[in-house]
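Subject: Structure for your review

Dear colleague,

Please find below the sequence and structure that I promised to pass on.

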Amino acid sequence: MDDETYKLWRIKKTILKMCLDRGYLVMQKELEQSLEDFKESMGDPPSRKELLMVVNHEEDPSDMLYVFFPDDDRVNMKTIRAYVDQMQHDSCTKAILVLREGGLTPAAKSAIAELSASKITMECFYENELMVNITEHKLVPEHRVLTTEEKHELLERYRLKESQLPKMQSSDPVARYYGLKRGQVVRINRPSETAGRYITYRIVV
């Protein structure tokens, strides 16, 4: 077995669970796919291009998310433009890029940063960040993203302003996993030796 095959199988499992945790529709058999089944369906080693995923949100099927696995050791402007063209053709505004160690060229980084003006979001994760699902680590407490209504109720109940909530950086690994944006609030459920469970809330900044 090629080491690349095992690595991409692990990454695919993390990405699928990430999509599910963000509210996108993912088939259970995909989540449970064994390494042997992955090799049989995708090849050994698999073609990164064939790993392309497209998922739809369970509450809004028009909310699509693309997951690209660029072949390039270092992704350039041409590749970003090709992905944007593909997304625009399908009226998709969200994508995740799974990058090799070389990452992005400076021009590609700038292009991704400028995409927000056209309401397109491209999130970048390096392969080594996705080999393990951080939310399944025993030291990472359970996080749940509040809806807009739940956030409003929380602020009303405790008579708080957003600025009074504890902060979570948008660059936090858990915030990135859930694709959290500035202003969103998460409910964090931590084990407590005295109370059993200790609930806190954080707002993304």
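Domain 1 and domain 2 together bury about 710 Å², of which 44% is on carbon and sulfur atoms; buried area here is the accessible area (1.4 Å probe) that two parts lose on being put together, summed over both. Before going further, please note that this is a predicted model, in which local features need pLDDT of at least 70 and side-chain atom pairs count only at pLDDT 80 or more, while totals for chains, interfaces and linings use all residues. Residues are numbered from 1 along each chain as its sequence is written, and side-chain values use heavy atoms, with hydrogens and water left out.

The two domains

Domain 1 covers residues 1–129 and domain 2 covers 134–204, with bounds that come from an automatic or database domain assignment. Their C-alpha centres lie 26 Å apart. Nine residues of domain 1 are in contact with seven residues of domain 2, contact being heavy atoms within 4.5 Å. Between the two domains the count is one salt bridge, that is, a side-chain nitrogen of Lys or Arg within 4 Å of a carboxyl oxygen of Asp or Glu. Seven residue pairs, both residues at pLDDT 80 or more, are in polar contact across this interface; a polar contact is a pair of N or O atoms within 3.5 Å, where within protein one must be able to donate a hydrogen and the other to accept it, and residues adjacent in sequence count only if both atoms are side-chain atoms. On the side of domain 1 that touches domain 2, the elements that give two or more residues are α1 and β4, and the largest share, four residues, comes from β4. Helices (H or I, at least four residues) and strands (E, at least two) are DSSP runs, numbered from the N terminus.

Salt bridges

The salt bridge count comes to 14. Glu 129 pairs with Arg 176, with the closest N and O atoms 2.6 Å apart; this pair links distant parts of the chain, since Glu 129 is in the loop between β4 (121–126) and β5 (142–145) and Arg 176 is in helix α7 (residues 173–178), 47 residues apart. Glu 129 is partly exposed at 31% relative accessibility, and Arg 176 is partly exposed at 24%; the classes are buried under 20% relative accessible area, exposed over 50%, and partly exposed in between (1.4 Å probe, protein chains only).

Glu 4 and Arg 48 form a salt bridge at 3.5 Å, N to O, which joins helix α1 (residues 3–21) to the loop between α3 (35–42) and β1 (53–56), 44 residues apart. Glu 4 is buried at 18%, and Arg 48 is buried at 3%. Glu 4 and Arg 48 also belong to a network of salt bridges with Lys 7, Asp 73, Arg 100 and Glu 127.

Cysteines

How many disulfides does the structure hold? There are zero, a disulfide being a pair of cysteine sulfur atoms within 2.5 Å. Cys 92 is buried at 3% relative accessibility, whereas Cys 124 is partly exposed at 22%.

With best regards
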